[in-house]
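Work through the exercises below with the sequence and the model side by side, and try each task before you read its solution.

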Amino acid sequence: MIATPDLIESLAANMKPVRRLRPPVTRAACWLLLAALVVALLAVSQGVRPDLARRIHDPSFAAGMVGAILTGVLAAVAAFLVSLPDRSRLWLLLPAPAVVLWLTNIGYQCLGDWVSFGPHGVSIGEATRCLATLVLTSLPLSLAMLVMLRYAAPLRPTAVTCMGSLSVAAITATALSLFHSGDATLMIIMFNIGTAMMFVGLGGLFGRRMMQWIAPRPSIRE
Amino acid sequence: MTERNGRPPLLRLVGNEDAARAAPEPTIRDTDWAILMAHAQDGDRSAYQRLLREITPYLRSLAARRHRDPSDIEDAVQDILLTVHAIRHTFDPTRPFGPWLVTIANRRFIDRLRRQGRRRDRETPLTPEHETFSEPRANLEERPDRHELEQAIDELPPMQRKAVQLLKLNEMSLKEASSASGMSVASLKVNVHRAVKNLRKILGDRSEP
């Protein structure tokens with residue numbers, strides 16, 4: 001083991017000037033811009049669902065969409081805030097109201113017309129296209145967030161990845177309901193809650209490991 | 001009444017002074033450290049060195065609350081210093097330095113304690129008793145044929161018994177055994193050879209009745 005004064009000597013001797021991080025809200029905004037870009041590109045390539053204009057006037061659909069988007073935005077802001085050591089962990093509660101709005105709306109829709117899901121409600125072709133959207137949206141966003149939040153690895157990896165995953169999940173769910181007319185309620189439930197649970201679960205399980213893999217190595221010789 | 005009122009504070013004051021002299025409580029010098037860190041982020045080496053030197057006693061006092069072993073404390077302090085170094089760009093000079101440092105320190109302590117807890121669950125430290133009991137002689141009791149072998153050795157003629165005891169059981173060299181018993185090396189060799197032959201016969205006979 002190296003003696004502490006020697007460690008300080010070598011840390012100071014090998015120090016390089018660093019660029020300070022921009023404010024967390026700015027960085028969250030950058031990430032959200034990327035998310036908007038990804039969703040817009042997907043909209044161009046896959047095309048929005050044909051009945052979007054009609055559905056958007058449906059108050060419960062619109063409320064669900066707003067809830068999902070708000071969840072995405074607020075969870076991203078919370079993730080960037082909590083990743084810093086000197087911010088309170090209470091920021092983790094920031095997206096809670098939006099999550100409640102989003103999920104209760106899905107539940108309400110489900111309760112309203114759960115019978116509308118018939119034996120031919122879900123087709124395989126639609127499901128695979130849904131999966132493609134899911135992967136195409138979530139993968140780049142998750143990777144970008146992982147890289148942007150890598151310095152949180154020695155601090156609060158689990159909380160940060162859970163928040164980041166929630167944000168990715170909400171944005172993915174928004175993209176899914178924009179592009180796919182899987183309005184059979186089971187589909188909505190499956191893809192909304194399913195994606196959310198999947199991402200938050202994956203984040204909780206592997207977040208720590210992923211974070212450690214990408215973490216800035218505390219090296220004495222930089 | 002005045003005497004009573006007067007004494008306890010006086011005594012307490014003395015006690016406090018003594019305690020303070022014995023273990024000076026390092027304080028957070030928040031503004032200074034924030035300024036030093038801001039300079040360090042811009043690349044000022046001497047400011048960085050001064051900062052790390054000044055926060056070390058403070059970190060050590062924090063670590064002493066969580067760990068008992070002095071080497072653990074020092075390890076924890078170095079862990080925190082390395083983490084501070086790795087993520088020094090996350091410090092915002094417009095915000096206080098103390099909470100930033102304390103959060104990093106606490107997270108490192110918690111990680112460290114968890115790691116130690118996991119290790120304690122899985123591993124058992126090797127004590128002198130463990131080493132003693134792993135010696136074959138300490139475990140002779142557990143071998144099933146120990147008594148049989150002892151009886152067989154007892155049945156041998158005295159010279160052969162002595163040769164076996166010295167050379168095989170005590171693991172002496174021929175020279176040592178010769179000086180210990182007064183028998184010559186050649187006689188020891190012959191006796192041990194015969195003893196082994198006899199033992200083989202006795203034990204073989206017993207195993208096949």
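Predicted model: local features only at pLDDT ≥ 70, side-chain atom pairs only at ≥ 80, totals over all residues.

Residues are numbered from 1 along each chain as its sequence is written, and chains are lettered from A in the order in which they are written.

**Exercise 1.** Find which elements of chain B have the lowest and the highest mean pLDDT.

*Solution.* Begin with the term: pLDDT is the predictor's confidence in each residue, from 0 to 100. Chain B averages 78, and 77% of its residues score at least 70. Next, compare the elements, where helices (H or I, at least four residues) and strands (E, at least two) are DSSP runs, numbered from the N terminus. The lowest mean, 43, belongs to helix α1 (residues 2-22) of chain B, and the highest, 89, to helix α3 (residues 45-66) of chain B.

**Exercise 2.** State how many residues each chain gives to the contact.

*Solution.* Two residues are in contact if their C-beta atoms, placed from the backbone, lie within 7 Å. By this rule, chain A gives 22 residues and chain B gives 30 residues.

**Exercise 3.** Determine which residues Ala78(A) touches, leaving aside neighbours within four places in sequence.

*Solution.* Applying the contact rule to Ala78(A), we find Trp91(A), Leu92(A), Leu94(A), Pro95(A) and Met163(A).

**Exercise 4.** Report the predictor's scores for the complex.

*Solution.* The predictor gives an ipTM of 0.72 and a pTM of 0.64.
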